[in-house]
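Open the model in your viewer and follow the selections below in order.

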Amino acid sequence: MNSPTPVPEPGPQYSEQTHAAAGADVDVPGISTGKEEFELAESTLDTDVFGEDIVAKAKDLISRYPQSRSALLPMLHLVQSVQGYVSQEGVAFCARQLDLSEAEVSAVVTFYTMYKRKPCGEHLVSVCTNTLCAAMGGDAIYRRLAEHLGADGKPLGHEETVGEPGQPGSLTIEHAECLAACDLAPVMQVNYEFYDKQTEQSAVELVDALRRGEKPAPSRGAPLTDFKSTELQLAGFFPEDEQTFRTDVDGPSAAEETLRGARLAEERGWTAPAMADEVPLPEVEKK
């Protein structure tokens with residue numbers, strides 16, 4: 001019988017040797033395992049970037065869940081609210097707080113696209129290029145913005161930043177998968193707030209306004225803020241003052257196009273068929 005796989009321990013885990021498929025021209029024994037480089041990188045990590053207030057917030061997040069590892073997703077947003085991305089320091093911070101290995105944290109970071117591995121601009125501009133938005137003009141909008149924000153004849157690439165990351169007026173642009181607003185296509189988001197029914201010209205005007213330091217009102221949703229502040233909200237932290245809280249997060253959440261079907265049904269008396277009182281559950285195969 002196979003022995004159980006050991007539970008990963010927190011911190012870096014090194015292999016004794018590197019295995020690689022290589023031709024005769026590759027010096028396989030000379031390939032480094034990465035241990036020396038990792039130890040050098042670890043020794044230069046700025047662990048002070050996460051102060052006592054962030055540690056306190058991390059412990060608050062942990063207290064909200066029956067198992068501490070369940071707090072990893074919001075804690076990664078907390079890390080991004082500090083640095084504007086998930087750095088190696090951020091990975092190490094989460095691993096220490098949650099008693100996980102850095103490999104476990106990195107596996108989550110690299111799976112979800114909302115966690116960025118490079119510093120983001122003051123604003124994250126997401127252009128939906130999924131099927132319907134693309135057909136309605138999303139691809140053209142993305143190309144126009146990439147060319148408009150690029151330099152020296154080179155378009156700005158996916159998840160690349162114009163300006164100094166984190167500084168006022170800096171923007172990071174990205175392709176986005178379906179943003180669940182097909183009835184308002186083509187759509188964009190800035191720091192995950194919606195800007196509906198865009199055109200190439202309106203998109204250019206939007207990013208130009210952001211670069212000037214303006215914050216155009218989203219089509220719906222909360223008032224626009226910067227990327228780091230949005231990440232703090234996604235981590236689950238909001239102003240304690242009720243009025244400030246409402247000002248920060250309240251806004252119209254549904255568009256007329258989204259509600260039109262429900263209103264037509266109400267006007268015309270359309271209803272869904274009633275479900276039977278008792279619907280038998282399917283048999284579950286016994287193991």
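Helices here are DSSP runs of at least four residues, numbered from the N terminus. The model is predicted.

Start with helix H8, residues 227–235, and show its buried side chains: Phe227, Thr230, Glu231 and Ala235. Look down the axis of H8: these buried residues fall within an arc of 145°, so they line one face of the helix.

Now look at the two ends of H8. At its start, select aspartate 226 and lysine 228: a side-chain oxygen of aspartate 226 comes to within 3.2 Å of the backbone nitrogen of lysine 228. After H8 comes glycine 236, which has a positive phi, near 105°.

S1 belongs to an open sheet of five strands, ordered S2-S3-S1-S4-S5, with mixed pairing. Select strand S2 (160–162) and strand S5 (193–195) to see the edges, since each of these strands pairs on one side only. From one strand to the next, the twist averages 30°.

Zoom in on S1 and strand S3 (residues 171–176), which pair in the parallel sense over six bridges. Within this pair, pick histidine 123 and find leucine 171 of S3 standing opposite.

Finish with helix H7, residues 200–211. H7 lies across S1, S2, S3, strand S4 (188–190) and S5, and runs at about 5° to S4.

Technical notes
Residues numbered from 1 in each chain as written. Predicted model: local features only at pLDDT ≥ 70, side-chain atom pairs only at ≥ 80, totals over all residues. Heavy atoms only, no water. Buried < 20%, exposed > 50% of the residue type's maximum accessible area, 1.4 Å probe, protein only. Arc of directions from axis to C-beta. Polar contact = N/O pair within 3.5 Å; in protein donor to acceptor, adjacent residues only side chain to side chain. Pairing = 2+ DSSP bridges. Axes fitted to C-alpha atoms, helices over the stretch in contact; angles between N-to-C directions. Contact = heavy atoms within 4.5 Å.
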